[in-house]
Amino acid sequence: MLALTDLPTCPGLFYGSRARDGVLSRMRIPGGMLNVQQCWSIANLVDRYSTGFLQVTNRANLQIRELHSEIPPSIWQDLQELGLASRRVEVDPIRNIMASPTAGIDRQQLLDTRPLVAAWDNYLQTHPELSELSAKFSIGFDGGELVSIRNLRNDILLAAERISTNPEIFFRLYLNSDTGILIEQSQCIAVLASLTSAYLEYTKNSPRINRKKPRLRHLLADWGTEKYLKKVEKNLPFALRRESRELSETNISHNSCATGILPVTDAIFTLAPNGNLGIHPQRQSDFSYIGIALPLGKLESKQLRNLANLAQNLASGTLRLTPWQNLVISDIPSSQIFEVKQQIADLGLHSSATNLDSCLVACAGSSGCASAATDTQTHALEMVRDLAQKLTIDRSINIHFSGCEKSCAQHQPIDITLVGTQIQQGCETIAAYNIYAGKKDLPFGRQIFPAVSAAQMPRAIERMLRVYQQLREPHESLGEFCDRWAIDKLQKLLSPVTHN
């Protein structure tokens with residue numbers, strides 16, 4: 001690890017970054033997949049060099065906070081041999097490869113994307129020149145799973161689809177939006193390599209933006225999608241397949257109706273908040289997976305160690321981290337489900353999507369980040385403790401705490417978002433939140449209440465939840481409920497709220 005005076009802004013595993021609560025190190029876990037030996041090693045590392053806990057991030061990384069001493073080279077070598085550290089230090093900071101946590105086990109999947117995740121990770125490891133790209137460069141693979149990542153943010157997304165005019169399954173290429181390009185599975189790595197090569201060329205020939213390497217979005221804004229794709233195609237031994245108008249009109253996407261699975265609509269790829277939690281049957285007969293809630297993504301080292309033991313003894317020995325900051329244990333025989341649930345409860349964890357602590361997403365907050373105006377993690381947990389004594393919810397929701405307008409923890413608006421600010425109360429400056437709801441306005445939804453003090457914030461959220469549960473339509477999410485009302489009527493409906 002670098003000296004503490006020379007730490008980069010974007011953390012990796014080898015090169016952490018300075019946060020308010022100490023040095024932060026981020027461990028890339030491609031596709032979120034961990035085996036038992038890896039879990040034990042991570043738990044030992046956290047116990048020895050940190051404070052005994054870690055966090056799952058919104059890219060299914062593992063963050064180790066508050067590192068208190070330098071990690072020796074022998075440990076890095078051990079982690080590399082276990083597949084927990086990049087073979088090339090240079091490419092370690094590049095963002096984690098995202099895939100569905102139910103890849104290979106999802107009943108609705110079209111293709112198992114795990115081999116593609118491994119192949120692309122290997123490509124990164126063997127091309128150190130890609131370290132010249134922005135560390136925020138991100139790629140996702142969606143195999144058509146019900147637990148989909150299609151609506152999560154990635155620079156490049158390959159999403160599996162079945163076309164009605166062809167029995168073969170293709171991957172559709174998204175560069176923030178649909179390009180109309182269809183790619184055969186065998187061509188995916190070659191196309192990604194060419195996309196990356198063209199982006200690297202752009203990076204080398206473009207000035208830095210605010211002293212940072214240009215993002216892929218800067219390339220798209222500068223070149224446009226078509227110019228980019230033409231450069232990509234020149235470096236390929238085959239032509240890119242562009243979807244024709246006729247093909248587009250007959251495109252069923254996903255599994256055909258003959259399989260008993262509905263054709264894809266936008267809604268099928270919008271995962272209900274916490275929809276991966278709980279017990280779910282796998283595509284493999286007589287096996288299930290369980291999604292375990294981790295409030296704010298936090299996991300004690302002893303919990304990780306014991307979950308690994310549980311997976312080894314009662315399942316296949318695989319733990320899967322999710323981009324929703326939770327954890328999945330897969331391949332549980334039907335006969336072992338009761339015992340698994342009991343052991344999870346004994347660890348102080350649960351799998352309920354309707355526990356209030358399952359609803360939370362939060363950035364590091366002011367305790368860990370200089371940009372944050374509020375202590376989001378403390379306020380989120382205090383709110384849950386307060387509300388748990390007053391009400392219960394019967395449907396999964398999403399409550400996002402962001403310490404500033406950067407919205408690091410969650411980028412898309414959904415249900416309720418609280419953005420930290422500060423207000424004057426007499427002679428004192430205190431923490432407060434602007435409260436937003438729904439999806440109508442970017443980036444957070446529509447503002448319902450401005451500048452609600454941290455002390456009054458739980459009361460405001462309680463009112464929102466009670467009104468929603470009383471007046472919602474069947475199957476209506478909280479965000480959809482809020483979007484249905486005119487803003488003035490919604491604010492009046494949710495008042496009175498004390499704003500100081």
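**Group meeting: a walk through one predicted chain**

Of the 500 residues in the protein chain, 55% are buried, where buried means under 20% relative accessible area, exposed means over 50%, and partly exposed is in between, with a 1.4 Å probe and protein chains only. What you see is a predicted model, in which local features need pLDDT of at least 70, side-chain atom pairs count only at pLDDT 80 or more, and totals for chains, interfaces and linings use all residues. Residues are numbered from 1 along each chain as its sequence is written, and side-chain values use heavy atoms, with hydrogens and water left out.

Some totals to begin with. The protein chain has 13 helices and 21 strands; these are DSSP runs numbered from the N terminus, helices being H or I of at least four residues and strands being E of at least two. Its accessible surface is about 21,500 Å², and carbon and sulfur atoms account for 49% of that; the areas come from the Shrake-Rupley method with a 1.4 Å probe, and for residues only the protein chains shown count as cover. Take contacts between residues at least 6 apart in sequence: 63% of them join residues at least 24 apart, a contact being heavy atoms within 4.5 Å.

Two strands pair if DSSP finds at least two bridges between them.

Strand β7 covers residues 139–142 and runs parallel to β6, joined to it by 2 bridges. Ala 99 is opposite Phe 141 of β7. On the other pairing, β7 and β8 (residues 156–162) are parallel over 4 bridges, and Ile 139 has Ile 156 as its bridge partner in β8.

Which way do the residues of β7 point? Ile 139 and Phe 141 point one way, Gly 140 and Asp 142 the other, and all are buried. Between β6 and β7 the chain passes through helix α3, residues 114–125, in a β-α-β crossover that is left-handed. A crossover is called right-handed if, with the strands pointing away from the viewer, the path from the first strand over the helix to the second runs clockwise.

Next, the cysteines. How many disulfides does the structure hold? There are 0, a disulfide being a pair of cysteine sulfur atoms within 2.5 Å. For Cys 363, the nearest cysteine sulfur is that of Cys 404, 6.5 Å away. Cys 363 is buried, at 15% relative accessible area. For Cys 369, the nearest is again the sulfur of Cys 404, at 6.1 Å. Cys 369 is partly exposed, with a relative accessibility of 29%.

Last, two backbone angles. Arg 211 has a phi near 70°, positive although the residue is not glycine. Arg 211 lies in the loop between α4 (188–205) and α5 (216–223), and is exposed at 77% relative accessibility. Asp 286 also has a positive phi, near 70°, in a residue other than glycine. Its loop runs between β12 (278–281) and β13 (287–292), and Asp 286 is exposed at 58%.
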